[in-house]
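Here is a short tour of one fold, written for someone who likes geometry. Have the viewer open and follow along.

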Amino acid sequence: MAVTTLLVCETTRQRLGDSGLGELAACLWPVVCQSCGRLLGDEPPTVVIDELNLVAMASLHHLSCRLPGWNDSLIVMVGSGQYTTFVARMVLLPLVATDGSTETCPLMLINPGLECVQLQRGRDGTWQVRNSDWLARGELARPGRPVRIGVPADGVIARATDTSVAVVHQVPPFTVYEAPADELLIDRVRTLGGVLVAVTPTLNPGDFAVSELHAALAHPSTLALWAGLHGAHRPRRRRFRLRKEVCVLHWSSEQISVGRLVGQAPGRLSAGRARAWAERVISPGEVGSLTWQPVREGRPDEAWRARGSPAHEHVLRRHPAGWNLVLVCGQAAGTRAETDNEAKAWAAETLQLQAGISGLTWMPGPSMPGMFTWYGIA
Ligand SMILES: [Zn+2]
């Protein structure tokens, strides 16, 4: 679980705001103190922000090692990354091919630093988490760019042993991420001639739920690429295309809607803070450009509709597990569906027509009496 209690200084509180602090806490895990290298333990860790121009590094420390603070002196007091815990883990990701058949794809999930996260200052002056990994530095991967399975990225290779898979950057600093893998995983790596690599600050690869995995793959700060297996023959081109996409179907007797999941925020955020977070996701650098209305009159705690440009409507909805921000692809009166199957059929048709998305695998999402949510994995 990510950090829930952080000791921060007043400057950090003012510069990040409540939603920024929430985002920061969701991307930090208290494993090792970044000053002394010993375990952080159960005491709330302190957050130190080292700012260098438009970029800042947030790191966790013992209170006895470093006081909370925002250091903009341009003198970085700790060698960055010296004690950072990175976690790499191999998992099998189910994929749906264009003909509707399913296959599994080997995925190496990497969080390059559990106790550190990089922040970047936007044009509006707010600070946001960004991916600081070598994939981004080397321009090997950019967030949101679709990955073609089996089409290797330049500058990165995968190596497989009998018990592990390693992903190696072929230019300085020659970073290597290695993770244990069982026979089934290694067999898939050899069959497909490579491994899908996803680097994310939003997930601890050592400890997560399936729903968190899909959210992390769809998160704007996640980077992904295909690392070709060293020494493998040129792999045959796959018919798969990883969409990294989760669709959300929501229906009740009053309304049915379907769209793309844009992001998820912790449920502890108030409606106001959740809207501030959503605005930063929807239109970075233009805070205040959206108007919000409750989806249902008199039920402001349930869901909000953002209207900015008429072509793009976003809905922010509170579930027991957190806030879902969805870019709406289609909506209709609730009379269109009386059962889950009718709702899913309407959603599949709408997504195919409006967004060209097909071959969804549906999973039940958080539902309440009379209101149903389904996640469609594309
Ligand atoms: Zn320490």
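The bend at a residue is the angle between two axes, one fitted to the seven residues ending there and the other to the seven starting there. In this predicted model, helix 1 has a kink of about 100°, centred on Gly17. Helix 1 covers residues 10-26, and the C-alpha atoms at its ends are only 20 Å apart, short of the 24 Å that a straight helix would reach. Buried residues of helix 1 include Arg15, Leu16, Ser19 and Gly20. Among the elements covering the buried residues are strand 2, strand 6, strand 7 and helix 5.

Let's look at some of those strands. Strand 6 and strand 7 form a hairpin with five residues between them, and Gly125 in the turn has a positive phi of about 90°.

| Strands | Bridges | Residues facing each other |
|---|---|---|
| strand 2 and strand 6 | five bridges | Ala58 and Val117 |
| strand 6 and strand 7 | four bridges | Leu119 and Val129 |
| strand 15 and strand 16 | four bridges | Pro294 and Trp304 |

Next comes an open sheet of eight strands, in the order 15-16-17-18-14-13-20-19, with antiparallel pairing. Strand 15 and strand 19 stand at the edges with a single partner strand each, so one side of each has no neighbour in the sheet. On average, neighbouring strands of this sheet are turned by 35° against each other, direction ignored.

Which strands does helix 5 touch as it packs on the sheet? Helix 5 touches strands 14, 15, 16, 17 and 18, and its direction makes about 145° with that of strand 17. Helix 6 packs on the sheet too, touching strands 13, 14, 18, 19 and 20, and its direction makes about 85° with that of strand 18.

Definitions and conventions: Residues are numbered from 1 along each chain as its sequence is written. This is a predicted model: local features need pLDDT of at least 70, side-chain atom pairs count only at pLDDT 80 or more; totals for chains, interfaces and linings use all residues. Helices (H or I, at least four residues) and strands (E, at least two) are DSSP runs, numbered from the N terminus. The expected span of a helix is 1.5 Å times one less than its number of residues. A residue is buried if 20 or more other C-beta atoms lie within 10 Å of its own, exposed if 12 or fewer, and partly exposed in between; C-beta atoms are placed from the backbone. Two residues are in contact if their C-beta atoms, placed from the backbone, lie within 7 Å. Two strands pair if DSSP finds at least two bridges between them. Axes are lines fitted to C-alpha atoms, for helices over the stretch in contact, and angles run from 0 to 180 degrees between N-to-C directions.
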